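I opened the model to look up how its parts meet. My notes follow the display.

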Amino acid sequence: MSAADTTTPAKVPPPRQAPPPPVAGNPRRARTSGGAATPWLLLAPCLLILALVLGYPLVRLVTLSFQKFGQSQLWGFLPAQWVGFDNFTGVLGDGEFWQVVVRTIVFAAGSVIFTMVLGMLIALLLQRVSGWMKTLVNIVLVASWGMPIIVATTVFKWLFDADYGILNALLSKLPGVELIGHNWFASGPQGLAVIMLLVVWGAVPFVVITLSAGLTQVPAELEEAARLDGAGSWGVFRYVTLPILKPIIVMLTTLSVIWDMGVFPQVFVMRNGHPEAEFQLLTTYSYDRAFVVNDYAQGSAIALITVVLLLGVVAVYMRQMLKIGEVE
Amino acid sequence: MSAITTGGPATTAGGPRKTKAGWNLLGLLVFLTAGFPVYWMLNTAIKPAKDTIDPDPSLFPTGFTLDNFRRALAIADFWGPVGRSLIVSVSVVAIGIVVGMLAALAISRFAFRGRKIVIVGILAVQMVPLVAMIIPIFLLLNDLEQYDKLSGLIITYLTFILPFTVWTLRGFIVNIPKELEEAAMVDGCSRTGAFIRVVFPLLAPGMVATSVYGFIQAWNEYLYALMLLSQKNQTATVWLGNFTTKHGTEYAPMMAGATMMAVPIVALFLLVQRKMAAGLTAGAVKG
């Protein structure tokens with residue numbers, strides 16, 4: 001951190017004092033009651049929309065998970081009925097739910113670790129390649145970053161197609177490998193590994209581009225000094241680069257956890273809209289309960305559990321963002 | 001001693017060049033691997049459909065045809081969904097940028113009680129996993145009779161992009177020195193005048209980048225478009241999603257459809273990504 005501090009003074013914009021100095025020659029404007037209301041007026045439309053379509057549903061999500069809410073409540077034939085913790089005991093007592101939880105955590109952890117490690121390696125690699133190679137790789141990264149998730153999912157489905165997929169054809173060219181006709185989605189773990197690859201492929205560019213930008217901010221003199229003091233490449237990375245990049249890494253990791261725990265369309269479209277039991281993640285499981293089984297309450301309970309699982313990560317991210325944003 | 005001194009320059013002359021070539025080789029590997037899915041999409045889209053069901057596919061284009069695109073357009077209505085996606089995305093961005101700008105101004109240029117709570121709140125709602133919200137939002141729009149209406153989808157997307165828009169615009173605004181505005185005000189501008197004449201022009205590139213990013217988000221969204229609109233009102237992403245689920249075996253037109261969806265978006269993305277990534281990290285290194 002101290003290393004980062006040494007780089008800051010030149011870059012920090014003029015600090016904003018909490019009470020702005022009264023504007024010279026216009027004291028009337030600074031102290032009127034209209035002045036105090038202005039920020040709230042400016043904020044009003046934004047807060048209203050967020051309250052209606054995000055705040056209210058969030059409250060509804062909580063209340064729903066303590067109610068009985070199925071088809072008949074949806075159509076208004078029956079009023080929603082309070083059932084206390086029934087939905088939660090039902091969900092938590094279900095062995096399948098725990099399998100889904102473990103699967104989701106393993107899937108998300110795997111995706112995040114691969115994304116971050118690969119992203120860091122590629123960012124470091126880009127520092128070392130020639131300029132033209134860097135441009136080439138950057139173009140490809142931005143192109144894959146910008147690909148709509150649905151498009152990417154469709155393409156991966158085609159790459160991994162059992163009969164005519166290019167991947168099976170290429171792998172079968174290797175000696176001793178015979179994969180023509182191999183269905184990658186016949187087993188859950190294998191299919192989820194393919195989906196993980198898809199998620200990582202889509203997530204790495206953002207990490208690389210952000211880390212690359214961060215790497216340019218690492219002062220060359222610091223690395224030089226460490227090298228003169230006898231540090232090897234690993235030492236320089238571990239004791240100079242990494243500490244400076246730490247805020248970015250924390251932010252990227254927490255964001256990735258939140259995103260990868262929320263993977264939905266990739267699984268949904270890859271499995272043709274009906275993910276099998278061994279492909280279910282918390283998101284698809286909640287969707288399934290609500291819109292396939294028509295138990296909206298239990299679906300909400302599962303979604304709420306997912307949100308609670310993520311709270312810790314969100315807290316870390318928020319702390320980092322607030323630190324970065326210099327909100328104080 | 002002399003052996004070392006004579007050996008030194010020789011290795012430094014040959015060494016770095018050799019390692020550079022090694023790094024470039026690795027870079028090429030990354031280029032090929034990361035780029036392959038995009039390449040294969042384009043390649044499948046333009047090659048004759050019969051070559052896509054070749055058990056021993058060629059890695060290189062085997063011909064050039066637009067038949068796959070024609071077939072993709074013929075299988076299911078394409079322009080309807082694209083038109084709807086455009087209406088939704090443009091409305092979301094137009095409303096989002098105005099509303100977001102007002103809010104960003106409030107939290108970046110005014111000191112008021114509760115400012116910090118508002119900022120934390122906006123950051124917090126951004127972190128709510130959207131997939132978790134589908135059930136209550138579906139029920140809400142159902143109650144408001146906004147199910148299967150584009151307006152329902154627009155207001156939903158608005159909440160998805162607003163926190164991000166506010167936060168990014170705020171980042172752009174705080175980087176514009178307040179003294180500029182104050183100078184204009186000393187010279188006789190009103191506060192609004194100072195904003196319009198001084199801040200706004202400086203902010204324009206950031207606003208464009210933020211708008212394009214919001215547009216892409218709205219354009220790419222799948223789950224809510226699938227759940228909140230019926231088949232007859234589907235958007236472009238759902239069109240492509242259904243393509244894979246209903247005509248799954250016809251990969252050539254499917255890749256043509258995927259190409260049509262991806263190319264404009266990737267092009268837009270190339271335009272703004274530098275600005276967006278820079279905006280994010282400019283703050284991050286301040287740590």
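**Domains of chain B**

I looked up the domain assignment of chain B, which gives domain 1 (2-65) and domain 2 (77-284); such bounds come from an automatic or database assignment. Domain 1 of chain B and domain 2 of chain B each put six residues into their contact, where two residues are in contact if their C-beta atoms, placed from the backbone, lie within 7 Å. On the domain 1 side I find four nonpolar, two polar and no charged residues. Here Ala, Val, Leu, Ile, Met, Phe, Trp, Tyr, Cys and Pro count as nonpolar, Asp, Glu, Lys and Arg as charged, and the others, Gly among them, as polar.

This is a predicted model: local features need pLDDT of at least 70, side-chain atom pairs count only at pLDDT 80 or more, and totals for chains, interfaces and linings use all residues. Residues are numbered from 1 along each chain as its sequence is written, and chains are lettered from A and ligands numbered from 1 in the order in which they are written.

**Chain A against chain B**

I noted 101 residues from chain A and 91 residues from chain B in the contact. Helix α3 (residues 33-64) of chain A gives the most to the chain A side, with 17 residues; helices are DSSP runs (H or I, at least four residues), numbered from the N terminus. The chain A side divides into 72 nonpolar, 21 polar and eight charged residues.

**Helix α6 of chain B**

I checked α6(B) for a bend and found a kink of about 35° at Ile161(B), shortly before the proline Pro163(B). The bend is the angle between axes fitted to the seven residues ending there and the seven starting there.

Notes. Helix = DSSP H or I, 4+ residues; strand = E, 2+ residues; numbered from the N terminus.
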